[in-house]
Amino acid sequence: MSKPAAAKAPVAEAHFVLTITSPDSVGIVAAVSSFLAENEAFITESAHYGDPDTGRFFMRTVFRAGGSRFPAIDKLKAGFALIGDRFSMDWSMHDATRRPRVVIAVSKFGHCLNDLLHQWRTGQLQIDIPAVVSNHEDFRDLVEWHGIPYHYLPVNKGNKVEQEQRMLELFDSSDADLLVLARYMQILSESACRHLARRAINIHHSFLPSFKGARPYQQAHARGVKIIGATAHYVTQDLDEGPIIEQGVERVDHTFTVDNLVRTGRDIETVVLSRAVRWHVENRVMINGAKTVVFR
């Protein structure tokens, strides 16, 4: 069987995403919309939120050229910098037609990897995947069938530091924007977490902090849990405690075997991780202290 070509998205009209975080104050939305209107930018999507607990303001606006006076993007950024300074904004303008580059890391469970590859292949997830990294050989055939380089980086107690460094070098040399830990069962060091700050997403079962360690579903089954789920979050130095992007749950009952729990948990993990990756690459996720604001 020949390899199918990855779906190609139709050539999109140039459009941009403006993301803003700042101290909350009166006039931010008016200033942003007025500036874009003055430069003949046509707003196609906009959302904002003021957090009363932190006093922070968050905004995401998608726009495109709306007239002949719409300037080059560098000139638009230079003009907007005045507004950014005025409101003490942390802001950026992204080219929404650029496909983010995502490296995927996996160990011996391939359900999340397979789902991401499928969504990429069928054009549902507008990313490029320059590499897949694994500490096992299990998914080489699958990944290479998709035409993606597969990097086998075995790890043991004696080479943990060197193996992780090779993975980070691969990430950097791939000009990657995001590392997705698609059930990659290795703990990243503090230095790696700092290097990948806000650029790495992990997925795990949502029993935590209960049922830590090996065989969590067996532990949950023994306790008769009624809800299982998954959590996708940014990777930080605090293991499995980074800002949460998305979660999902399913009810279970006394009839569920351990295998039923595992199968249900893996289904949830694929959905939750793909949502988190999509929202991140579409610049829908903003950090708000220890949590996130997600403009779905």
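The model is a predicted one, in which local features need pLDDT of at least 70 and side-chain atom pairs count only at pLDDT 80 or more, while totals for chains, interfaces and linings use all residues. Residues are numbered from 1 along each chain as its sequence is written, and side-chain values use heavy atoms, with hydrogens and water left out. Helices (H or I, at least four residues) and strands (E, at least two) are DSSP runs, numbered from the N terminus, and two strands count as paired if DSSP finds at least two bridges between them.

Another open sheet is formed by 7 strands in the order 7-6-5-8-9-10-11, and its pairing is mixed. Its edges are strand 7 (150-152) and strand 11 (244-251), each with a single partner strand, so one side of each has no neighbour in the sheet. From one strand to the next, the twist averages 15 degrees.

Strand 10 (residues 227-234) pairs with strand 11 in the antiparallel sense over 7 bridges, and Glu250 in strand 11 is the bridge partner of Ile228. Helix 5 (residues 160-173) lies across strand 5 (102-106), strand 6 (132-134), strand 7 and strand 8 (178-181), and runs at about 135 degrees to strand 8.

## The largest nonpolar core

A nonpolar core is a set of buried Ala, Val, Leu, Ile, Met, Phe, Trp, Tyr and Cys residues joined through side-chain atoms within 4.5 Å, and buried means under 20% relative accessible area, exposed over 50%, partly exposed in between (1.4 Å probe, protein chains only). The largest such core has 42 residues, and those with the most contacts inside it are Val132 and Leu273. The elements that each supply at least two of its residues include strand 5, helix 3 (111-121), strand 9 (200-205) and helix 8 (258-281), and the largest share, 9 residues, comes from helix 8.

Leaving aside neighbours within four places in sequence, Val132 is in contact with residues including Ile104, Val106, Leu113, Tyr150 and His151.

## Helix 8 and the cysteines

The 24 residues of helix 8 should span 34 Å at 1.5 Å a residue, and this agrees with its end C-alpha atoms, which are 34 Å apart; the expected span is 1.5 Å times one less than the number of residues. Helix 8 is followed by Asn283, whose phi is positive, near 55 degrees.

A search of the whole structure finds 0 disulfides, a disulfide being a pair of cysteine sulfur atoms within 2.5 Å. For Cys112, the nearest cysteine sulfur is that of Cys193, 19 Å away. Cys112 is buried, with a relative accessible area of 1%, and Cys193, at 5% relative accessibility, also counts as buried.

How values were computed
Axes fitted to C-alpha atoms, helices over the stretch in contact; angles between N-to-C directions. Contact = heavy atoms within 4.5 Å.
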